[in-house]
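Please open the model in your viewer and keep a selection panel at hand.

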Amino acid sequence: MIDPGHGGKDDGATGPHGIKEKNLTLAISKRLADQLKQQLGATVILTRTTDRYITLDQRNAIGNRIKADLFISVHINAAESAAPSGIETYYLNTATNKAAQRLADRENRAFGKEIGTLQRIITTMHQNATTDESHELALMVQSNVIRGISKKYNGVVDKRVKTALFYVLVGSKAPSILVECGFVTNPKEEKRLNSAAYQQELASAMASGIKRYLETGKAAHRTL
Ligand SMILES: [Zn+2]
């Protein structure tokens, strides 16, 4: 299951040249779906295939209803200055640093969801037995993306695997990650992210990471 972040009335982040996160996440997600079909012969479902608004709860309800094996949420990062760039992959855990918390706040807020019921979320997390698998999936995807993109592009910043309290991952029963594919607020990265060639490299590398996880990771010991 692939979840293109934002959509419809929710633009997500916007870059200096007006490029919107919601359009980038959809384009990258569609390419990722094609790559997963090609590389894995997988059945892939997207939470949205057009520019439409769906709530956070609807997103993971779809994943759980179809009993998805994996849940991949695709997002684009934003910062207050133009300088920050790079790619990072998150899996669900209590936020461990201020930057991760700020990001989680922004992404959670974008869905119009107030994280008021923290206790409920933490209870859900404790019931979630997929944390190790999500961590491993995050490591495989992040390392493959950095390696893949760096072959063709200069100055790719590896912001590594991190944890945060992303609401969109809370309800997922499958191993789940959220990939922040770059900073739309960085003019160079905004331009790259908006190009078909870069989107394709990203999607291909993400799919390779997912393939490697399924072949070699903890998933190999799990009945999918
Ligand atoms: Zn986002």
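What percentage of the contacts in the protein with a separation of 6 or more is accounted for by residues 24 or more positions apart? The share is 82%, where two residues are in contact if their C-beta atoms, placed from the backbone, lie within 7 Å. This is a predicted model, in which local features need pLDDT of at least 70 and side-chain atom pairs count only at pLDDT 80 or more, while totals for chains, interfaces and linings use all residues. Residues are numbered from 1 along each chain as its sequence is written.

Colour by secondary structure to find eight helices and five strands, taken as DSSP runs (helices H or I, at least four residues; strands E, at least two) numbered from the N terminus. Along the sequence they follow the pattern β-α-α-β-β-α-α-α-β-α-β-α-α.

Next, select residues 21-40, helix α1, together with residues 196-216, helix α8, which pack with their axes 8 Å apart at an angle of about 45°. That makes α1 oblique to α8, since oblique covers the angles left over from under 35 degrees (roughly parallel), over 145 (roughly antiparallel) and 65 to 115 (roughly perpendicular). Residues that make this contact include Ala27, Ile28 and Arg31 of α1 and Gln199, Leu202 and Met206 of α8.

Finally, select Val141, Phe166, Ile177 and Met206, which touch the most other members of the largest nonpolar core, a set of 52 residues. Such a core consists of buried Ala, Val, Leu, Ile, Met, Phe, Trp, Tyr and Cys residues joined through C-beta atoms within 7 Å, and a residue is buried if 20 or more other C-beta atoms lie within 10 Å of its own. Centre on Ile177, whose contacts beyond four places in sequence include Ile72, Tyr90, Leu137 and Val141.

Key:
Axes fitted to C-alpha atoms, helices over the stretch in contact; angles between N-to-C directions. Buried ≥ 20, exposed ≤ 12 C-beta atoms within 10 Å, placed from the backbone.
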